[in-house]
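Colleague: I have just opened this structure and would like to learn how to read it. Could you walk me through it, one feature at a time?

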Amino acid sequence: MQSPTPLECFAIVTPGLEALAIAEARGAGLDVRAEEGGFAWTGDAASVMLANAALRIPSRVLVRLAQFEARSFAELERRARKIDWARVMKNGDAVRFRVTSRKSKLYHTGGIAQRLAESIVRVMPKVRLEDAADDEEFDADDAQLIVVRFVRDHAVVSADTSGALLHRRGYRQATAKAPLRETIAAAMIQASGWTFDAPLVDPFCGAGTIPIEAAMHARRMVPGMQRTFAIEKWPGVSASLRTSVLAALQPSAASVHTYGADRDAGAIVAARANAERAGVADAISFLERSISALELPDDRGWIVSNPPYGVRVGDADRVLDLWGRFGRVLRERARGWTVVLLSPDPMFDRQLGFPVQVLTSTSNGGIPVRIIRGLP
């Protein structure tokens, strides 16, 4: 893997966050191009490690092993025999497949996985084949994941380089109700335009994900510092690769402070514990406080938050009333502040009582949401 042979790389991004993720990747020095579902680039193992460890918005990073047309299992078998599986696994490793097929003659995903597995066993008879993988269950210490995507008889066979999904930074062991994925929190912070020279406040902080991600971002702390990645176990990948890549990502000594508040005492306990594990406890003030008691630390700054929207935490009327009270508090106390929220529907936006702009649409826990921005 340390050879000059280039790798065809692809980062999977939650739909709606692609533009933010591409801007982040280019800012990190990767020469990426937009593709459906994320972005691609041609690079080396160091670029793959950089994307896994340092980028805050992508969900998973793949290396493409082969692309071909196949309209029959016989054709698939011939193509599969030409894949250089030894690039990404050793004889005796475990392997899992995740296969999707759309508008293709080969639609039986289990049959596709079986043919590919047979092609691996031909050259690595001790490889252990495990059950089909699910992103939510797949663990960094588990088998090598092979991702296969058929669309209109065109197959792309890729090897996962991440292991567990990248939102699993390692610090969030304590959670609150309706937790927000770290990757979405990072996207909200980037979309907000926060410039680190003014405070950032989350009045519905839950387990602290937004303030923690903000503090890590401001300090340029590597989000993947506390975890490992599947590529580290690949043949030919030097044990020093991780060290050399991370050594070039120097954190800053930014002194900007972030704030989190929540009316749930248990959430604040969880948030403080998570911030301690993330190494940013000294950069965040967490307060047990209702929205009516919100106090802002300055006359300007950013409010970035994921307020309740009823699907998980209560009935719609009660939550709409909460958004209305939140809007009144913002209009009274947050003049001069930029407000960025996750909102599921314009009826919630209207409760705020000030104009908002929809920056992008995405999903959080399977719920369609929009990232909105406004000035009270």
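Modeller: Gladly. This is a predicted model, and its protein chain holds ten helices and 15 strands. The radius of gyration is 22 Å, close to the 21 Å that the globule rule gives for 376 residues, so the chain is as compact as a globular protein of that length. Along the principal axes, the C-alpha atoms fill a box of roughly 70 × 45 × 35 Å.

Colleague: What share of the residues in the protein chain is buried?

Modeller: Buried residues make up 53% of the 376. Another way to look at the fold is through contacts: of those with a separation of 6 or more, 77% join residues 24 or more positions apart.

Colleague: Let's turn to the strands. In what order do the eight strands of the open sheet lie?

Modeller: The general idea comes first: in a regular strand, side chains alternate between the two faces of the sheet. Here the order is β2-β3-β1-β4-β8-β7-β5-β6, and the pairing is mixed. The edges are formed by β2 (33-35) and β6 (128-129), each of which pairs on one side only.

Colleague: Which strands pair with β4, and in what sense?

Modeller: Strand β1 (residues 7-12) pairs with β4 in the antiparallel sense over five bridges. As an example, C9 has V63 in β4 as its bridge partner. Strand β8 (residues 154-160) also pairs with β4 in the antiparallel sense, over seven bridges. There, R64 has S158 of β8 as its bridge partner.

Colleague: Is β4 mostly covered or mostly open?

Modeller: Mostly covered: strand β4 spans residues 60-69, and eight of its ten residues are buried.

Colleague: And how many bridges join β7 to β8?

Modeller: Six bridges join strand β7 (residues 144-151) to β8, and the two run antiparallel. V147 stands opposite S158 in β8.

Colleague: What should I look for in the loop between β7 and β8?

Modeller: Look at the backbone angle phi. Most residues other than glycine have a negative phi. R152, found in this loop, has a positive phi near 50 degrees although it is not a glycine. F196 is another such case, with phi near 70 degrees; this residue is in the loop between α5 and β9 (200-202).

Colleague: Is F196 buried, partly exposed or exposed?

Modeller: F196 has a relative accessible area of 31%, so it is partly exposed. The cut-offs are under 20% for buried and over 50% for exposed.

Colleague: You mentioned α5. How many of its residues are buried?

Modeller: In helix α5 (residues 182-192), ten of the eleven residues are buried, so the helix is largely enclosed by the rest of the structure. Among the buried ones are E182, I184, M188 and S192. Their cover includes α1 (18-27), α6, β12 (301-305), β13 (337-343), β14 (356-364) and β15 (367-374). After α5 comes G193, whose phi is positive, near 80 degrees.

Colleague: Where is T258, and what surrounds it?

Modeller: T258 belongs to strand β10 (residues 258-262), and its relative accessible area of 0% makes it buried. Not counting residues up to four places away in sequence, T258 touches W194, L200, P211, A214, A215, A283, I284 and S285.

Colleague: Which residues line the largest cavity?

Modeller: The lining consists of N52, A53, L55, L166, R169, P223, G224, R227 and F229. By class, that lining has five nonpolar, two polar and two charged residues.

Notes. Residues are numbered from 1 along each chain as its sequence is written. Side-chain values use heavy atoms; hydrogens and water are left out. On a 1 Å grid over the protein atoms alone, a cavity is a set of points where a 1.4 Å probe fits but cannot get out, and a pocket is an open set with protein on both sides within 12 Å along at least five of seven lines; lining residues have an atom within 4 Å of a point. Ala, Val, Leu, Ile, Met, Phe, Trp, Tyr, Cys and Pro count as nonpolar, Asp, Glu, Lys and Arg as charged, and the others, Gly among them, as polar. Buried means under 20% relative accessible area, exposed over 50%, partly exposed in between (1.4 Å probe, protein chains only). Helices (H or I, at least four residues) and strands (E, at least two) are DSSP runs, numbered from the N terminus. Two strands pair if DSSP finds at least two bridges between them. The radius of gyration is taken over C-alpha atoms; the globule rule is 2.2 Å times the number of residues to the power 0.38. Contact means heavy atoms within 4.5 Å.
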